[in-house]
Amino acid sequence: MASLADLPIRDNLRGLTPYGAPQEQVSVALNVNENTHPIPESVAHDVVTSLAQALIGINRYPDREFTTLRERLASYVGHGATPEHIWAANGSNEVLQQVLQAFGGPGRSVLGFPPTYSMHSIIAAGTDTTWVTGERDPGYELSPTLVTEWIEKTKPDLVFLCAPNNPTGTPVSLDTIVAAYDATDGMVVVDEAYAEFAPEGSLSALSLLEGRERLIVSRTMSKAFAFAGARVGYMIADPAVCDAIRLVRLPYHLSALTQAAAVAALDHTSEMLAMVGDIRGQRDRLLRELPELGFTVWPSEANFVLFGGVHQPHALFEALLQRDIIIRDLGIPHHLRVTAGTERETTLFLDALRALGGASFGAR
Ligand code: PMP
């Protein structure tokens, strides 16, 4: 068997490692920020009916323009969005890839602010777009001044802002997004994968889209919507941006089954989102109880918490795994990230930490 090094692979892919969040069979999986509540059974029945209908026409290619899905997504996001403002793909990862295929590529660059979602740089590499990094203020914050300075310094073709940011949970103010937009002639992408978990009344970058044709807001059904396995992500942007993506998408990229499942789920938006309040409650509980165990926490507006004060992150990760609980070690010194699960899962996690000695675990 050959190794990667034996192959005539593109130079910018040499030495890279693929996305690799472990997929272990454990009873408490709090590692990839899924919604750990299953979808309601009544909704599942409607999804199955919708899939059955789609199956009858499965000998034909699907609607290349996923018209019904775009209509449903437009009414879900509101803010005056019409189906022409919507683009969807197999997860928001694919949306971001298509955005970089159209607006990035060889000789172009995208600016991001680590620590941030690891796929941003991996998708940049996959599309041969140079990944340029800025630094965050203390507390992982971004400010209008900071993003403006980094844009002026690095002159990127695209800017990625993750709001709230994965893995830190930090929100990004609308002023910061506007400052980024005004500082560049390139595209500004706001990754709002976790937007639904933000506090009630928070403003989304969707409210900035009017009159800003270089702004893209990407969203997903994988998180709050509890639909990660279906692979449906989408973006809201000027219709011209959707036309640009049509130049790079593969025809029929969204299968008839994906479209049918997503439309049926969107017909039950309130039931699908019913657990969001609960999840916010468990996140707030983690923010309260982790410090009681001696850890530090970063304020989070998403469905996960990054906590610090961990003496040996990898050893603690392994010790939890032994107890059938998986969380995430992102390689940030003295930190681990945990997803807010159901009340039971969160309790099992906190109890396991307590049994392991809390923040004194691994101290010499
Ligand atoms: N953006 C962020 C910030 C994420 O954390 C994730 C998933 N972890 C995604 C996008 C991609 O999600 P999906 O492809 O499932 O829509």
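Predicted model: local features only at pLDDT ≥ 70, side-chain atom pairs only at ≥ 80, totals over all residues.
Where is Pro164 found? Pro164 is in the loop between β5, residues 158-162, and α6, residues 174-183.

Let me begin with the ligand. The ligand sits in the largest pocket. Thirteen residues, written 13 on my slide, surround the ligand. The closest are Ser92, Asp191, Tyr194, Thr220 and Ser222. If we sort the shell by class, there are four nonpolar residues, six polar ones and three charged ones.

Which atoms of the protein come up to the ligand's oxygen atoms? For Ser92, a backbone N or O atom is 2.6 Å from an oxygen atom of the ligand. For Asn93, again a backbone N or O atom, the distance to a ligand oxygen atom is 3.1 Å. Arg231 takes part through its side chain, where an N or O atom lies 2.7 Å from an oxygen atom of the ligand. How much of the ligand's accessible area does the protein cover? On its own the ligand has 410 Å² of accessible area, and the protein covers 94% of that.

Now back to the loop between β5 and α6. The peptide bond that joins Ala163 and Pro164 is cis, with omega at about -10 degrees. Thr168 lies in this loop too, between β5 and α6. Is Thr168 buried or exposed? Its relative accessible area is 0%, so Thr168 counts as buried. The side chain of Thr168 has two partners to mention. One is the side chain of Asn165, in a polar contact of 2.9 Å. Another is the side chain of Thr170, where the polar contact is 2.6 Å.

There is a cis peptide bond elsewhere as well, joining Pro114 and Pro115, and there omega is about -5 degrees. Pro115 belongs to the loop between β3, residues 109-112, and α4, residues 118-126. I point these bonds out because most peptide bonds are trans.

The next topic is backbone phi angles. Most residues other than glycine have a negative phi. His79, which is not a glycine, has a positive phi, near 55 degrees. His79 is in the loop between α2, residues 67-77, and β2, residues 86-89. Its relative accessibility is 51%, and the cut-off for exposed is over 50%, so His79 counts as exposed.

Ala226 also has a positive phi, about 60 degrees, without being a glycine. Its place is the loop between β7, residues 215-220, and β8, residues 233-237. Is Ala226 buried or exposed? With 17% relative accessibility, and buried meaning under 20%, Ala226 counts as buried.

Last, a residue in a helix. Arg280 is part of helix α10, which covers residues 276-292. Arg280 has a relative accessible area of 16%, and therefore counts as buried. How far apart are Arg280 and Ala198 in sequence and in space? In sequence they are 82 residues apart, and in space 8.3 Å apart, from C-alpha to C-alpha.

Cis bonds join Ala163 to Pro164 and Pro114 to Pro115. His79 has a positive phi, and Ala226 has one too. That is what I have for today.

Notes: Residues numbered from 1 in each chain as written. Heavy atoms only, no water. Near = heavy atom within 4 Å. Polar contact = N/O pair within 3.5 Å; in protein donor to acceptor, adjacent residues only side chain to side chain. Areas by Shrake-Rupley, 256 points an atom, 1.4 Å probe, with all protein chains shown as cover. 1 Å grid on protein atoms, 1.4 Å probe; cavity = no way out; pocket = protein on both sides within 12 Å on 5 of 7 lines; lining within 4 Å. Sits in = over half its atoms within 2 Å of the grid points. Nonpolar A, V, L, I, M, F, W, Y, C, P; charged D, E, K, R; others polar. Helix = DSSP H or I, 4+ residues; strand = E, 2+ residues; numbered from the N terminus. Buried < 20%, exposed > 50% of the residue type's maximum accessible area, 1.4 Å probe, protein only.
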